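Open the model in a viewer and keep the sequence panel beside it.

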Amino acid sequence: MQGSGVLRFRASHGEIMGQFDNGQSVVANNQQITDGIADAVYPAVYNAVMAVMASSGGGGDVVVQIDGENVFKAVRNKDSDFRKRTGKGAFEY
């Protein structure tokens, strides 16, 4: 069965090049790749957060964790470590 999937691809210098099974070539640069991933991930994250908020009655804190660590605390701790090493905060512009 013929579909519209990519048969082969390769990456080079911030781009992905490929060819669909219908013979049409396609190239995506780094920004297009990043935007595509963000567009795909955002709805899932949004729906997950909304489900948690709905199940908690819409109030209270929503705690986001990555690898079992609270993201806010992890970022705060990394910023503190960076400040100790460099004298500047990681997010100062």
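Two strands pair if DSSP finds at least two bridges between them. Helices (H or I, at least four residues) and strands (E, at least two) are themselves DSSP runs, numbered from the N terminus. The model is predicted: local features need pLDDT of at least 70 and side-chain atom pairs count only at pLDDT 80 or more, while totals for chains, interfaces and linings use all residues. Residues are numbered from 1 along each chain as its sequence is written, and side-chain values use heavy atoms, with hydrogens and water left out.

**Whole chain**

Start with a cartoon of the protein chain, which has 2 helices and 5 strands. Followed along the sequence, their pattern is β-β-β-α-β-β-α. Buried means under 20% relative accessible area, exposed over 50%, and partly exposed in between (1.4 Å probe, protein chains only). Of the 93 residues, 5% count as buried. Contact means heavy atoms within 4.5 Å. Among contacts in the protein chain with a separation of 6 or more, residues 24 or more positions apart account for 0%. Accessible areas come from the Shrake-Rupley method with a 1.4 Å probe; for residues, only the protein chains shown count as cover.

**Strands 2 and 3**

Select residues 15–20 and 25–29. These are strand 2 and strand 3, which run antiparallel and are joined by 5 bridges. Pick Gly-18 next; its bridge partner in strand 3 is Val-26. Then move to the hairpin, where 4 residues lie between the strands and Gly-23 takes a positive phi near 95°.

**Helix 1**

Select residues 30–55, helix 1, and show the side chains of Tyr-42 and Tyr-46, which lie 4 residues apart, about one turn of the helix. How many aromatic pairs does the structure hold? There is 1 aromatic pair. Tyr-42 and Tyr-46 form this pair, which is stacked, at 6.0 Å centre to centre with 25° between the planes. Rings of Phe, Tyr and Trp (its six-membered ring) pair if their centres lie within 6.5 Å; planes under 30 degrees apart count as stacked, over 60 as edge-to-face and the rest as tilted. Tyr-42 counts as exposed because its relative accessibility is 55%, and Tyr-46 is partly exposed at 41%.

With Tyr-42 and Tyr-46 they make a nonpolar surface patch of about 410 Å². Patches are made of residues with over 30% relative accessible area and no salt bridge: like charges are joined within 9 Å, nonpolar side chains (Val, Leu, Ile, Met, Phe, Trp, Tyr) within 5 Å. Met-50 is also found in helix 1 and, at 37% relative accessibility, counts as partly exposed.

**Helix 2**

Go to residues 71–86, helix 2, and select Asp-79 there. Is Asp-79 buried or exposed? At 17% relative accessibility, Asp-79 counts as buried. Apart from neighbours within four places in sequence, Asp-79 is in contact with Gly-89, Ala-90 and Phe-91.

Asp-79 forms a salt bridge with Arg-83, the closest N and O atoms being 3.6 Å apart. A salt bridge is a side-chain nitrogen of Lys or Arg within 4 Å of a carboxyl oxygen of Asp or Glu; by this rule the count comes to 1 salt bridge. Asp-79 and Arg-83 are separated by about one helical turn because they are 4 residues apart in helix 2. Arg-83 is partly exposed, with a relative accessible area of 38%.
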